[in-house]
Amino acid sequence: MRIGFIGLGNMGSGMAANLVSAGHDVIAFNRSPEKAAALAERGATAAPTVAAACGADVVVSMLADDSAVEAVTFGAGGIVESLAEDAVHVSASTISMALAERLNAAHVGAGQAFVSAPVFGRPEAAAAAKLFVVAAGPSERITALQPVFDALGQRTFVVSGDPKIANLVKLSGNFLIAAVIESLGEAMALVGKAGVDKREFLELLTSTLFDAPAYRIYGGLLADGQFEPAGFAAHLGLKDARLVLAAGEQLETPMPVASLIRDRFLTLLAGGGHELDWAALGAVATWEAGGPKPGS
Ligand code: NAP
């Protein structure tokens, strides 16, 4: 399949490389052109503009946030203007439900299709084609896109015919991960202050009642205080806390823990933690208990 790919950050670079490895004809654009040049060495074609990456049956975008997706999609030379009729835009970024709705309306209005397909998994999972894809949109489009999803991940969950529901599900999952990071961080601060080895504590947890990737991955980063380089930056974690709260507001569903998590992210960022991994959220508790500032 001929696939345009826009956004070669921590996640997009591995995802686009896997599409190349699976035999797809990939034409890739990134705002900072050196990342597209690096992918070209692996067999992709570097696109000089967004419009050039849209000369394909499918264009996948994997960008930081709502404003980045808006910047490449709408307006002159954007995806809506550049994509052929009947082609499909697959948005893999973690964005708001409201933007997913606007994207769907704009693409349908232009005779194109829109599928939301945000993913679970960190950059290592993206590079290893082990992501979990959460897809929503017209079912015949999702069926046709299965070879693309298979090249990116280990399993695809089709959650709705309405694209924005995939974003809601993704944001709800990230809310749960952040809650794990926060609560694990508090527990580790407590036992750590009493002299318990955090690694041994984690070994106990993950060998008994908490044998799950979220505990293993984030517990390991917390126990080791390993927050740089960020696989998923803390400022993007705040973005997701904000977006899940917006979804809660829209659906009149109070989420008191999400409100708390948003404030904990603000504390982390106010302490200079923007570019730390979002696992550093859990290190705020140790800092407040008299320990080192996250990342110091
Ligand atoms: P990242 O490393 O910060 O990459 C962000 C990408 O967006 C880069 O390609 C960047 O281009 C581009 N970008 C940012 N602002 C832009 C703008 N105004 N116009 C055009 N391009 C712009 O982020 P990431 O970790 O790959 O995350 C990408 C998305 O996946 C986010 O929505 C994130 O929430 C989601 N996600 C991340 C993870 C993870 O563990 N990292 C896991 C699942 C989902 P430049 O290279 O020029 O800066």
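How many aromatic pairs does a search of the whole structure find? The search finds five. Rings of Phe, Tyr and Trp (its six-membered ring) count as a pair if their centres lie within 6.5 Å; planes under 30 degrees apart are stacked, over 60 edge-to-face, and the rest tilted. The model is predicted: local features need pLDDT of at least 70, side-chain atom pairs count only at pLDDT 80 or more, and totals for chains, interfaces and linings use all residues. Residues are numbered from 1 along each chain as its sequence is written, and side-chain values use heavy atoms, with hydrogens and water left out.

The ring centres of Phe210 and Tyr215 are 5.0 Å apart. Their planes meet at 50°, so this pair is tilted. Phe210 is partly exposed, at 31% relative accessible area (buried means under 20%, exposed over 50%, partly exposed in between; 1.4 Å probe, protein chains only). Phe265 and Trp278 form a stacked pair, because their planes lie at 5° with centres 6.4 Å apart. This pair links distant parts of the chain, 13 residues apart. Phe265 sits in helix 13 (residues 256-270), and Trp278 in the loop between helix 13 and helix 14 (284-288). Helices (H or I, at least four residues) and strands (E, at least two) are DSSP runs, numbered from the N terminus. Phe265 is buried, with a relative accessible area of 0%. Trp278 is also buried, at 2%. Ring pairs join Phe265 and Trp278 with Tyr218 and Phe232 in a cluster.

The largest nonpolar core holds 43 residues. A nonpolar core is a set of buried Ala, Val, Leu, Ile, Met, Phe, Trp, Tyr and Cys residues joined through side-chain atoms within 4.5 Å. Tyr218, Phe227, Ile261, Phe265, Leu268 and Trp278 touch the most other members. Elements giving two or more residues include strand 8 (131-136), helix 10 (198-207) and helix 13. Helix 9 (163-193) is also among them, and supplies the largest share, eleven residues. The core lies between domain 1 (2-161) and domain 2 (168-288), because both give residues to it; the bounds come from an automatic or database domain assignment. A second, separate core has 35 residues, including Ala17, Leu19, Val26 and Ala113.

Contacts (heavy atoms within 4.5 Å) place two further residues. Not counting residues up to four places away in sequence, Phe227 touches Leu221, Leu222, Leu276, Asp277, Ala279, Ala280, Ala283 and Gly295. Asn167 is found in helix 9 and is buried, at 1%. With the sequence exclusion of up to four places, Asn167 touches Ser93, Ile95, Ser96, Ala100, Ser116 and Pro118.
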